[in-house]
Amino acid sequence: MAFDAFYLTAVLEEIRRLPEPRVEKIHQPSRDTVLLQLRHREGRCKLLFGMNPTAPRLHLTATNPENPPEPPMFCMLLRKHLSGGRLVDIAQPPMERCAIFTFECVDEMGDLTQRKLIAELMGRTCNLYLLSPEGRIIDCLRRIGLDESAKRQALPGLYYQNPEPVEKSNPLTLETEDYVNLLSQPGADLLAQRLMDCLGGLSPLVCREAALFAANDVDARLENQEISQIAQKLALFFKEHLAHPTPCLFLQDDVPKQFAFCPLRQYGVWEQENSFWELLDRFYTLRDRKDVMRQKSQGVRKTVQNLCSRLTKKLAIQEKERQETLDRERLRQLGDILTANLHKISKGQTVVQAEDFYDENMTLIDIPLSPLLSPQQNAAKFYKDYARMKTAEKELTRQLEIGQQELVYLKSVLEELNRADTDQALEEIKQELQTGGYLRPDNGKKRMKSGKMPPLRFESTDGFPIFVGRNNRQNEELTFKMAGKGDIWLHASKVPGSHVIIACGGQNVPDDTITQAAQLAAHYAETAGGQNIPVDVTPVRQVKKIPNGKPGMVIYHTYRTVIVNPYPDIVVDALNAEHKPEE
């Protein structure tokens with residue numbers, strides 16, 4: 001990734017083209033993300049400040065991230081000072097990943113004043129500052145105390161300190177002679193590393209691209225190179241791409257991997273996007289959503305994983321005990337042999353030798369006895385142990401069935417957590433676990449004020465609606481309440497996954513629709529990502545709920561199985577857009 005100073009310059013240029021933008025709304029979807037909705041003469045847009053230290057970014061966006069039930073304090077402060085403010089200036093220190101936005105606002109007394117919002121996108125020290133006209137910090141996203149080992153403190157009331165200037169050459173001002181001098185000085189032998197050490201505002205990715213253009217090799221060394229030719233090509237490369245940047249994206253297996261403001265020839269194949277902000281939107285949206293949801297679900301996931309681990313160990317112990325009960329028949333035989341030889345036993349004996357008439361050779365065996373029991377009581381003890389093990393086998397078999405069903409259920413919850421892509425979906429899973437007694441209720445905590453999420457809705461190429469359950473409770477409601485008896489039910493065979501319903505009302509369903517619905521069932525199952533996944537297909541009337549079973553647990557006996565790959569080629573119905581948070 002190459003979100004360097006010159007890529008930021010191109011992004012800021014796109015923001016400058018907005019005609020007279022004003023701040024309409026302010027949201028803070030997560031701890032590290034602030035979103036300004038701007039209204040301008042041509043419409044509305046959103047400006048995103050991503051202050052995650054691992055991947056800081058700033059750009060316009062078309063995404064609608066889900067907002068928390070209550071806005072954080074920093075968000076409330078921004079609303080107080082910037083709401084309705086007009087963006088009058090955007091500045092950037094030379095070769096620095098820092099942007100200074102100046103807003104013309106109205107203060108508490110109704111007078112016009114200026115507020116500055118400064119976004120520093122420098123890795124671990126990235127921060128977002130709100131400044132007063134005098135340059136004092138009103139507040140910032142990350143406060144840095146006076147006692148912390150940092151060069152600059154960040155606390156309300158302190159004067160804002162500018163980042164230290166970049167002490168490298170600016171490629172915007174260099175000519176061919178300057179590159180000759182730069183390459184002739186002592187330094188790193190690798191051309192890309194020399195550029196990285198001497199030029200400011202560039203990422204390693206762009207430096208490797210410049211080395212490839214100048215010397216036809218990303219790992220080119222300066223030794224045995226014609227310095228004047230290399231310098232001439234470098235001047236041409238930077239003059240062209242810094243003056244006319246182009247948003248370029250490299251994808252691997254349809255997944256965005258790298259981006260820059262110049263062509264990515266080192267990867268062979270790249271794509272050119274329409275704008276810099278659209279490229280960043282495409283690159284970060286999916287990854288950020290997964291990262292945020294993974295962090296939010298981490299506690300629940302760990303709890304469920306621990307429950308699965310303990311339950312697996314418990315089932316192994318119970319299975320071992322059940323196997324031991326299978327040898328109980330020998331206890332009954334010893335009781336019979338002992339009863340037939342009571343005349344040979346006297347109280348106080350610890351062992352008796354008798355013929356085993358269950359053995360065709362009638363071999364002599366030693367039968368252990370308790371000296372505290374009478375001969376009749378010793379014989380009865382073998383029969384009692386036999387009866388106890390017979391009862392234990394029945395109970396252990398029952399407990400194993402219950403435990404295995406519970407393990408399947410918990411694995412299905414883990415699969416739901418992997419698929420949860422919104423706070424509301426995660427909240428429904430938490431409520432499901434709380435109802436089942438796996439999580440403690442959130443007593444005293446405010447729950448999200450939102451309605452129940454509907455199932456995912458798709459439409460086949462033949463025009464049949466296809467519904468997919470998001471979690472176990474929704475699976476149950478979809479199958480037994482929403483679906484008709486004549487609809488078609490699908491589920492990945494013998495693995496946790498979503499219930500899929502083809503709403504056909506008893507009509508004959510084309511094979512293409514069956515295949516597409518089966519692909520969805522495979523996609524929303526534990527086997528997603530595999531190939532040749534078996535999916536069971538049956539009418540809804542054949543599906544029965546397991547008595548006293550966990551949510552979403554069903555049985556069915558009459559069905560057929562189709563084999564599909566789990567990547568559906570179906571367009572998501574527009575109804576899915578209704579589940580996104582409103583602005």
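Predicted model: local features only at pLDDT ≥ 70, side-chain atom pairs only at ≥ 80, totals over all residues.
## Helix α9 and its surroundings

Let's begin with helix α9, which covers residues 329-340 and so is made up of 12 residues. From its first C-alpha to its last, α9 reaches 17 Å, close to the 16 Å expected at 1.5 Å a residue.

Which residues of α9 are buried? They are Leu 331, Gln 333, Leu 334, Gly 335, Asp 336, Ile 337 and Leu 338.

## How α8 and α10 meet

Two packed helices are described by the angle between their axes and the distance between the axes. For helix α8 (residues 298-325) and α10, the axes come within 9 Å and cross at roughly 160 degrees. An angle over 145 degrees counts as roughly antiparallel, and α8 and α10 are therefore roughly antiparallel to each other.

The crossing of α8 and α10 is left-handed. Sorted by class, the contact of α8 with α10 holds 15 nonpolar, nine polar and eight charged residues.

## A closer look at Glu 415

Helix α10 also contains Glu 415. Is Glu 415 buried or exposed? Glu 415 counts as buried because its relative accessibility is 9%, and the cut-off for buried is under 20%.

What does Glu 415 touch, leaving aside its neighbours within four places in sequence? Glu 415 is in contact with Pro 496, Ala 525 and Glu 526.

Conventions. Residues numbered from 1 in each chain as written. Heavy atoms only, no water. Helix = DSSP H or I, 4+ residues; strand = E, 2+ residues; numbered from the N terminus. Expected span 1.5 Å × (residues − 1). Buried < 20%, exposed > 50% of the residue type's maximum accessible area, 1.4 Å probe, protein only. Axes fitted to C-alpha atoms, helices over the stretch in contact; angles between N-to-C directions. Parallel < 35°, antiparallel > 145°, perpendicular 65-115°, else oblique. Left-handed = near helix turned anticlockwise from the far one by under 90°. Nonpolar A, V, L, I, M, F, W, Y, C, P; charged D, E, K, R; others polar. Contact = heavy atoms within 4.5 Å.
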